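Please find below my notes on the model under discussion. They are set out as numbered points, to be read alongside the coordinates.

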Amino acid sequence: MSTTALDVARIQADFPILRREVRGRRLVYLDSASSAQKPQAVLDAMDRVYRESYANVHRGVYTIAEEATTLFEAARAKVARFVGAREAREIVFTRNATEAINLVAYSWARANLRPGDAIVLSLLEHHANVVPWHILREERGIEIRWIPLTADQRLDLSDLDRLLDGAAMLGVTAMSNVTGTIVDVARLAAAARAAGAHVLVDACQAVPQMPVDVTAWDADFVAFSSHKLLGPAGIGALWARAELLEAMPPFMGGGEMIRDVTTDGFLTNDIPWKFEAGTPAIAEAVGMGAAVDYLDAIGMDAVRAHERELTRYALDVLTDRFGDRLRVFGPAGADDRGGVVSFLFDDIHAHDVSQVADEEGICVRAGHHCAKPLMRELGVPATTRASFGVYNDRADVDALVAALTKVEDFFSI
Amino acid sequence: MSGLQDLYREIILDHYRAPRNRGELPVPPAHKVEGFNPLCGDEVILYLEVEDGMVVDVRTSGQGCSISQASTSMMSAAIKGKPVAEVATLIRAFKALMSIHESKLEGADGSDGSDAGGTDLAGVRLGDLEALQGVVKFPVRIKCATLAWNVLQQGLDETAV
Ligand SMILES: Cc1ncc(COP(=O)(O)O)c(C=O)c1O
């Protein structure tokens, strides 16, 4: 049945939650952009830590403490390799992408930005890459400039040089969680670098969906979360150039991040531990490592091909079936967008759409998707969003179409 | 489908499709008050004309999901021409209706819950508004149903000073 790049039936068998039912129906999970489901391999890896090797990391000399430390650091190395980092120490474990971006805002930006300095953000950004900068603006009086959008919600780069002129930082998403827009990060990073600006990339949506090479991007900071990457919630990562991390002041103080502490002061630990104060999410880190192993085995090129294929199918059948009554946001084709389809259906509110869908066992997201500046730009209070993971197939899209037909019956005037 | 039919009763869909008292009133004498549900972008704007302790006229505008808009419409119909004191009781009775779920979570099935919300509310007739009771089975939607009523409360508080 599946004409996608992946053996989806085999993959589905790896995800225990997909065997459950909701309201007597097969679970159709179309909200991976919010958080992805977890394969058995991730659950097993985490379970194994707790059953066999659990102890605090970087502390004890006893056997299981060493095992836990080895597993934890091996996970870091896997994550580093997965995103093309040159060295494992360029990966700082955080709670999530939000904390990774805040780390940049609190450590690097507060050490380097002065009143009147400008940063450039795009109108596609998630609140995680907006609010930390609003906070800094209130505190420091920095200026925030916005990259506008084209009519199909790509970045409008016609004025990029002027926006970047004199800017200290560019912060941009690699893939919108609302419109799916894929941003040409390498091009933007080159322009920012030429203007003397640092580059922060929110790769929360990109890392789970496409091959990402932070070194090829030539960025300075890249943030992402494990929970969208088939891994557990509670852990994420900041990739940053080693020399930048070396120069940055610590973010939080406490255990683990120090080399020495006296009554007079402290010496910071080496990177990345300098930024990992306190006991980390140990089993979660191992789970994140298992998740990237799982995706590596599938191959991120195949994942991207699958996302593109399924998105194209969804765009085709939705327009076929509902025509102008369904307004899809974002780039028209599937080539420049990730596996995310946000839409308005007539003038039926997204909450009503997703409520009816839920009755059919279908999980779609309704709301502003933590991107209110973008929603204002779209001129809508909320959209319904379907997003795809490696375990979705055409039958899931067909189920969505059937649910929308129900919505139509229910709410038609 | 029984769950959905519970939420989207015919009378609710009717108010959603053909909302009552839509429009604006000149301010003053009317008082304008608005509220948002930041989570879903529901927006309710009320124009209240209160005179001699009576809600003599009301108009509504705004946008949002069927529940928020139907609740707004039903509320406007229920309060128009009523004494403010009676409206205040209605607000409390409606809020009590919306909180039945929490107080009666155990064994809520089948109970019509009309006795909830305290003895002084026992005699309050909610009429059509009772159709919104199905919302309590869908906790995330309760805020949609109560938005208009919170805005109304705010409006009455503001006109009282
Ligand atoms: C593009 C983007 N950035 C940042 C985030 C924040 O991720 P987290 O909540 O895991 O920190 C999300 C998740 O919703 C996202 O989609």
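The points that follow take up chain B, its interface with chain A, and a few individual residues.

1. Basis of the note. This is a predicted model, in which local features need pLDDT of at least 70 and side-chain atom pairs count only at pLDDT 80 or more, while totals for chains, interfaces and linings use all residues. Residues are numbered from 1 along each chain as its sequence is written, chains are lettered from A and ligands numbered from 1 in the order in which they are written, and side-chain values use heavy atoms, with hydrogens and water left out.

2. Chain B as a whole. Chain B holds 6 helices and 3 strands, where helices (H or I, at least four residues) and strands (E, at least two) are DSSP runs numbered from the N terminus; their order from the N terminus is α-α-β-β-β-α-α-α-α. Of its 161 residues, 48% are buried, with buried meaning under 20% relative accessible area, exposed over 50% and partly exposed in between (1.4 Å probe, protein chains only). Among contacts (heavy atoms within 4.5 Å) between residues of chain B at least 6 apart in sequence, 70% join residues at least 24 apart.

3. The interface. In the pairing of the two chains, 22 residues of chain B are in contact with 20 residues of chain A. The area buried between them is about 1700 Å², with 59% given by carbon and sulfur atoms; this is the accessible area (1.4 Å probe) that two parts lose on being put together, summed over both. Between the chains there is 1 salt bridge, a term for a side-chain nitrogen of Lys or Arg within 4 Å of a carboxyl oxygen of Asp or Glu, and the side chains involved are those of Asp352(A) and Arg141(B), at 2.9 Å from N to O. The elements of chain B that give two or more residues to this side are α1 (2-7), α2 (10-17), α3 (66-79) and α6 (139-160), and the largest share, 4 residues, comes from α1(B).

4. Arg59(B). This residue has its place in strand β3 (residues 54-63) of chain B, and it is partly exposed because its relative accessible area is 22%. Arg59(B) forms a salt bridge with Asp57(B), the closest N and O atoms being 2.9 Å apart, whereas Asp57(B) itself counts as buried at 16%. Leaving out residues up to four places away in sequence, Arg59(B) touches a set of residues including Asn21(B), Glu24(B), Tyr47(B) and Lys80(B).

5. Salt bridges in chain A. Over all chains the count comes to 38 salt bridges. One of them joins Arg51(A) to Asp47(A), with closest N and O atoms 2.6 Å apart; both residues lie in helix α2 (residues 40-53) of chain A, 4 residues apart, about one turn of the helix. Arg51(A) is exposed, at 65% relative accessible area, while Asp47(A) is partly exposed, at 34%.

6. Thr173(A). Is this residue of chain A, Thr173(A), buried or exposed? Thr173(A) counts as buried because its relative accessibility is 4%, and it lies in strand β7 (residues 167-173) of chain A. A polar atom of its side chain lies 3.4 Å from the backbone oxygen of Asp202(A). Apart from neighbours within four places in sequence, Thr173(A) is in contact with Leu124(A), Glu125(A), Val183(A) and Asp202(A).

Conventions. Polar contact = N/O pair within 3.5 Å; in protein donor to acceptor, adjacent residues only side chain to side chain.
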